[in-house]
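Reader: I am new to protein structures, and I would like to take a close look at one part only. Please walk me through the aromatic rings, one step at a time.

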Amino acid sequence: MLPNTGRLAGCTLFITGASRGIGKAIALKAAKDGANIVIAAKTGVPHRTLPGTIYTAAEEIEAAGGKALACIVNVREEEQIVDAVDQAVQKFGGIDILVNNASAISLTGTLDTPTKKVDLMMSANTRGTYLTSKICLPYLKKSKIGHILNISPPINLNPIWFKNHCAYTISKYGMSMCVLGMAEEFRGEVAVNALWPQTAIYTSAMDMLGGAGVEKQCRKTDILADAAYCILTKPKTFTGNFVIDETLLREEGIQNFDVYAVAPGHPLLPDFFLDVDPETLAMKMEAQGATPTFREGKKQDLPKHEGPDKTKPEGPDRGKLHVHFAAEKSGGPVAETFKIIKGAISDEVVKSTQGIYRFELSGEGGGTWYIDLKNNGGSIGSGEPPGKVDVVMSMSSTDFVKMFSGKLKPTLAFMSGKLAIKGDMALAIKLERLMGQFNAKL
């Protein structure tokens with residue numbers, strides 16, 4: 001990893017969203033130099049699912065060798081930003097570096113993104129970055145090393161990064177446009193740059209978005225901390241850059257990137273907004289031992305106890321899992337996949353999931369299919385599901401088979417535009433976690 005040089009000793013860093021994840025990692029890296037860290041984040045009391053508070057982060061920073069000031073800051077609230085900046089100036093005498101890390105995310109399409117979430121992303125990401133920069137700039141201009149670093153991507157106008165989560169993309173690109181504008185506006189006074197990871201980074205947010213097992217496809221926050229440290233120790237003339245962590249660190253002489261991996265040697269997911277051929281990545285993942293689509297000789301028959309309507313079993317098996325396949329869809333990889341998924345569904349799975357999923361599949365064996373993990377012990381089949389749908393997933397038949405057999409990771413499918421999701425994202429993540437059980441059957 002990149003060694004500390006002591007160049008940030010005595011410097012004051014104002015970092016938004018520093019109670020956990022990437023923000024805290026950058027703070028701890030600077031603390032090792034003896035820097036002063038203003039932890040500007042919302043979490044003052046323990047969250048029911050997310051780790052850490054501004055106070056636990058402060059303890060870690062001081063244990064690492066830095067000085068900490070914990071401030072409750074919601075970057076959507078101008079008064080809270082002003083108050084935190086005033087406290088920082090009073091305690092440390094000024095501000096040398098601002099890291100705009102706080103961010104909100106909702107990976108939903110236009111019709112499925114409530115106005116409340118649109119407002120959250122725009123106000124936290126774009127407006128929050130702009131406001132915090134504006135309020136810190138008078139002090140940054142007085143600093144010998146004045147620097148703003150936004151954790152935001154290069155502006156990639158490939159439509160694939162807009163079609164599945166338009167509002168989120170606009171809000172993140174707003175942070176990046178602040179870099180473009182402010183780097184020129186304050187050239188020679190304050191350096192302004194952006195930093196973005198080459199691969200997915202394992203954080204609490206990624207854990208929620210990616211589901212079980214996603215950590216193996218991620219790098220640790222340490223790589224962004226090292227890259228941020230490298231940027232923040234450069235002169236003010238280094239400005240207006242959109243830096244990718246791995247590219248920068250290679251230029252700095254880092255050769256062993258396994259030290260940053262959660263699971264060294266495992267294929268890594270590319271991060272959003274960077275164009276990577278998904279088929280190439282899928283092949284690399286398969287080479288690491290992903291399960292083949294079908295194994296010869298492993299087929300399961302339809303249940304024998306069906307009623308006259310072919311959907312509700314009669315007699316002692318009533319209430320157990322039932323399957324309905326239209327006659328014209330009784331063969332082929334898609335139908336076989338659903339048959340085998342049937343064998344992995346249990347009462348426990350239905351009880352713990354409580355969701356109905358509809359699949360709109362294009363190509364051979366496609367059409368409308370469903371998995372009901374909410375009612376009467378569960379059911380699967382073709383056609384409309386028996387009840388209100390919670391999640392709709394749209395993709396090709398080929399990619400569906402690959403996804404459920406382990407050859408295509410759902411996160412990769414979603415990020416690359418192969419999978420579109422509408423509805424309850426939490427239930428979508430639950431289904432992904434169940435796929436590990438399905439993979440073992442396929």
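Author: Let's begin with a rule: a charge sits over a ring if NZ of Lys or CZ of Arg is within 6 Å of the ring centre and within 35 degrees of the ring normal. The model you see is predicted, so local features need pLDDT of at least 70 and side-chain atom pairs count only at pLDDT 80 or more, while totals for chains, interfaces and linings use all residues. Residues are numbered from 1 along each chain as its sequence is written, and side-chain values use heavy atoms, leaving out hydrogens and water.

With that rule, find lysine 29, which lies over the face of tyrosine 229, 5.3 Å from the ring centre. Lysine 234 lies over the face of phenylalanine 238, also with 5.3 Å to the ring centre.

Now for rings that meet other rings. Rings of Phe, Tyr and Trp (its six-membered ring) pair if their centres lie within 6.5 Å; planes under 30 degrees apart are stacked, those over 60 edge-to-face, and the rest tilted. Searching the whole structure gives 15 aromatic pairs. One of them is the tilted pair of tryptophan 161 and phenylalanine 272, with 6.0 Å between the centres and 50° between the planes. Tryptophan 161 belongs to helix H5 (residues 160-163) and phenylalanine 272 to the loop between helix H9 (245-251) and helix H10 (278-287), so this pair ties together parts 111 residues apart in sequence. Helices (H or I, at least four residues) and strands (E, at least two) are DSSP runs, numbered from the N terminus.

Tryptophan 161 has 5% relative accessibility, so it counts as buried. Phenylalanine 272, at 9%, counts as buried too.

Next comes another tilted pair, tryptophan 196 with phenylalanine 273, at 5.8 Å centre to centre and 50° between the planes. Distant parts of the chain are linked here: tryptophan 196 is in strand S6 (residues 191-196) and phenylalanine 273 in the loop between H9 and H10, 77 residues apart. Both tryptophan 196 and phenylalanine 273 are buried.

Trp161, Phe162, Tyr168, Tyr173, Trp196, Phe272 and Phe273 form one aromatic cluster.

Technical notes: Buried < 20%, exposed > 50% of the residue type's maximum accessible area, 1.4 Å probe, protein only.
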